[in-house]
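Visitor: Could you walk me through how to read the features of a model, starting with its aromatic residues?

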Amino acid sequence: MTARRLNHYTSGLLSAGLLALAMLTGCKPAHVEIKPPDPIVATPPAADPGVVDLSSALAHKLIAADAAGEIQVRLRIDGGKLAHSKRPPINVVLVMDSSGSMEGEAIADARQAALALVDGLSDGDHLAVVTFDSQARVLVPSTAIDTKTRADARARVETMAAHGTTDLAGGLALGLAEAGRGYLNDGVNRLVLLSDGVPNDDTQVANLAQQAAGMRVAITALGLGLEYNETLLAALARQSGGKFHFIEDSDQVAAVFHDEVLRLERVVAKNLALTLLPGPGVTIVGVLGHSGAATGNRGLSLGLGDLGEASHRDLIVQLRVGPHRAGASLELMDAVLGFQDAVAGAGQLERRVFVSARTSGDAQAVAASRDLEVERQIARALADAATLDAIALARQGQLAAAIAVIDRAEPLARGDANQLGDDELRTQADGLVKLRKALPTLGPAPQPMPAPSQPLAPNAREPVAAMGSTVSAPVDATATVKRSHGRAMRRLQGE
């Protein structure tokens, strides 16, 4: 029976029943009016709060005509300042390295940092803690924080101890599973990874990064000390839309965790996704310091994670253009930024900007059209990108190619520093010289030692080193690499 027929049938029964009751009591039947149900009114989405802005800038407003070359465009994403707002709930998963290399002060500091993070969360936030050594295990299953669960989480974190090898991939897999269990559609979802060593097996890490990106769970990757693989952890963060941080001493872990919680509390936009669409005759080379996926229309898309209140993020897009006649208008690209509002519940929002330029055959006019602030920023970003490229190549065993990257980038950075009067860029050029000296000691990422349960070589007291393992580099050279990489990542991430 359809709903309409059922309502009609029910109304008829009700009227007939009232009429019969009136006849039995001798009363005149009263007129019965059946009131229709209230209409269902759809709640309109909240208005766009307007706290996210997207803008573009070129180092030169005029471009030299009749010459092919590369152009860098600065895209700036701004998160506005809020007078007051209720922050979205947080779903955070800690994935903590508890391998033998963490024994002593490192594991004690990591434990205290985790306890401080537990205390820093608000009731209603979700928390999970995963540890990994020779095996990965869920120390604190994903749970909503309240007085009871907070005390239970603290008790479990207190048991964290260091032993065994480094099953980082297993820890990530369990962490993503817990992130899925506690996922908050209306909240901020984050996985924070802390590691100080080389994974037992890194072959699955890239797939796990893609899985995190698909789940919209950004990974904050923290490299502790001097023995971790900086290229691997940075790629993990970039591919998932998260950030990488270098922590030189374990007593800094608590401060980084604290800052991470503050960032989560001040999110104004979630799951930023940038799509770049090139104009006619334009090729998108890439975005400095970021990895993206090619689209079917020669474009590029990349995830950027979350945007905090009163913050901005600058992206340097590299374009390749062909020669054009003087006075031509170049349609360089469209940039489309999609994101979820985290302020007013306005849902999925979008910002667009169209980037264009004009060509000129007048060299003086081209020089006079420069924007020094943008030009300095682009020059610094190019030096930082060269730093990351050189370290990645050296990690792959391509030392000659890594040194060639430095040899090209260093004189360019020094020349720009002198021309633009930029002391910061001059410091970056000096850093490239130091990095060049350290690169020969880097080599491929060291392979982990076998687990203690593996058989020893005849007459050996220690496990046999894995094939391809390398002798540890001098501490000074290793520190130079880690610091250079950390500084470059920090600037390219907009910190």
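Visitor: Are Tyr 228 and Phe 244 buried or exposed?

Guide: Both Tyr 228 and Phe 244 are buried. Buried means under 20% relative accessible area, exposed over 50%, and partly exposed in between, with a 1.4 Å probe and protein chains only. Tyr 228 has a relative accessible area of 0%. Before we go on, note that this is a predicted model, where local features need pLDDT of at least 70 and side-chain atom pairs count only at pLDDT 80 or more, while totals for chains, interfaces and linings use all residues. Residues are numbered from 1 along each chain as its sequence is written, and side-chain values use heavy atoms, leaving out hydrogens and water.

Visitor: How many aromatic pairs does the structure hold?

Guide: Rings of Phe, Tyr and Trp (its six-membered ring) pair if their centres lie within 6.5 Å; planes under 30 degrees apart count as stacked, over 60 as edge-to-face and the rest as tilted. Here the structure holds two such pairs. In one, Tyr 228 and Phe 244 are tilted, at 6.2 Å centre to centre with 45° between the planes. Tyr 228 sits in the loop between strand E8 (218-224) and helix H6 (230-240) and Phe 244 in strand E9 (residues 244-247), so this pair ties together parts 16 residues apart in sequence. Tyr 228 also forms a tilted pair with Phe 246, at 6.2 Å centre to centre and 40° between the planes. Since Phe 246 lies in strand E9, that pair joins parts 18 residues apart in sequence. Tyr 228, Phe 244 and Phe 246 form one aromatic cluster.

Visitor: Which residue lies over the face of Tyr 228?

Guide: A charge sits over a ring if NZ of Lys or CZ of Arg is within 6 Å of the ring centre and within 35 degrees of the ring normal. In this case Lys 482 lies over the face of Tyr 228, 4.9 Å from the ring centre.

Visitor: How many helices and strands does the protein chain have?

Guide: Helices (H or I, at least four residues) and strands (E, at least two) are DSSP runs, numbered from the N terminus. The chain has 12 helices and 16 strands.

Visitor: What do the buried residues of H2 pack against?

Guide: An α-helix has 3.6 residues a turn, so residues three or four places apart point the same way. The buried residues of H2 (residues 105-120) include Ala 106, Ala 110, Ala 113 and Leu 117. Contact means heavy atoms within 4.5 Å. Partners of the buried residues of H2 include strand E4 (90-97), strand E5 (126-132), helix H3 (147-158) and helix H7 (253-265).

Visitor: Which residues have the most contacts inside the largest nonpolar core?

Guide: A nonpolar core is a set of buried Ala, Val, Leu, Ile, Met, Phe, Trp, Tyr and Cys residues joined through side-chain atoms within 4.5 Å. The largest has 38 residues, and Leu 172, Leu 191, Leu 193 and Phe 244 have the most contacts inside it. Beyond its neighbours within four places in sequence, Leu 172 touches Val 95, Leu 191, Leu 193, Leu 208, Ile 219 and Leu 236. Apart from that core lies another, of 37 residues, including Ile 71 and Met 333.

Visitor: Where is Arg 216 placed?

Guide: Arg 216 is in the loop between helix H5 (205-215) and E8. Its phi is near 60°, a positive value in a residue other than glycine. Arg 216 is partly exposed, at 41% relative accessible area. Asn 271 has a positive phi too, of about 55°, but is placed in strand E10 (residues 267-278) and counts as buried at 17% relative accessibility.

Definitions and conventions. The expected span of a helix is 1.5 Å times one less than its number of residues.
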